[in-house]
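My notes follow in the order I made them.

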Amino acid sequence: MMSRYALLICRSQTEAVGLRRHLMQMGVPGEVTRPPRHARTESCGWAVRVAAAQADAALHRLRQLGVSPCRVLPDEGAGV
């Protein structure tokens, strides 16, 4: 089953909030959340959850702004 959401993994809560703000300005809704424990590292403990269908376009636009998450993962745990 394909995931309905993607997690844009960030280095900090502050970075995740800023990333979410950029996404909202682009019309992409997102939710700041903690990634699953297996996806966390010491330096990447927060994420922004976005609809998987919007993730590629959002990442492209973010890179144009010079903003990038640590990595992107499918959100397997999203039961929303």
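How many bridges join E1 to E3, and do they run parallel or antiparallel? I found 6 bridges between E1 and E3, and the two strands run antiparallel.

Before going on, I noted that this is a predicted model, in which local features need pLDDT of at least 70, side-chain atom pairs count only at pLDDT 80 or more, and totals for chains, interfaces and linings use all residues. Residues are numbered from 1 along each chain as its sequence is written, and side-chain values use heavy atoms, with hydrogens and water left out.

**Confidence.** I looked up pLDDT, the predictor's confidence in each residue, from 0 to 100. The protein has a mean of 86, and 84% of its residues reach 70 or more. Confidence is lowest in E4, at a mean of 88, and highest in strand E2 (residues 31-33), at 96.

Strands (E, at least two residues) and helices (H or I, at least four) are DSSP runs, numbered from the N terminus. Two strands pair if DSSP finds at least two bridges between them. On the E3 side, I found Ala51 as the bridge partner of Tyr5. E1 also pairs with strand E4 (residues 71-74), in the antiparallel sense, over 4 bridges. There, Ala6 has Pro74 as its bridge partner.

**Burial of E1.** I took buried as under 20% relative accessible area, exposed as over 50%, and partly exposed as in between (1.4 Å probe, protein chains only). In E1, 6 of the 6 residues are buried, so the strand is largely enclosed by the rest of the structure. Tyr5, Leu7 and Ile9 are buried on one side, and Ala6, Leu8 and Cys10 on the other.

**Core.** A nonpolar core is a set of buried Ala, Val, Leu, Ile, Met, Phe, Trp, Tyr and Cys residues joined through side-chain atoms within 4.5 Å. The largest has 14 residues, and Leu8, Leu19, Leu23, Val28, Val48, Val50 and Leu62 touch the most other members. E1 (5-10), helix H1 (13-25), E3 (46-51) and helix H2 (52-64) each supply at least two residues. H2 gives the most, with 4 residues. I then listed contacts (heavy atoms within 4.5 Å) for Leu23. Leaving aside neighbours within four places in sequence, Leu23 is in contact with Leu8, Val28, Val48, Val50, Ala58 and Leu62.

**Cysteines.** With a disulfide taken as a pair of cysteine sulfur atoms within 2.5 Å, I counted 0 disulfides. For Cys10, the nearest cysteine sulfur is that of Cys70, 6.8 Å away. Cys10 is buried at 0% relative accessible area, whereas Cys70 is partly exposed at 27%.
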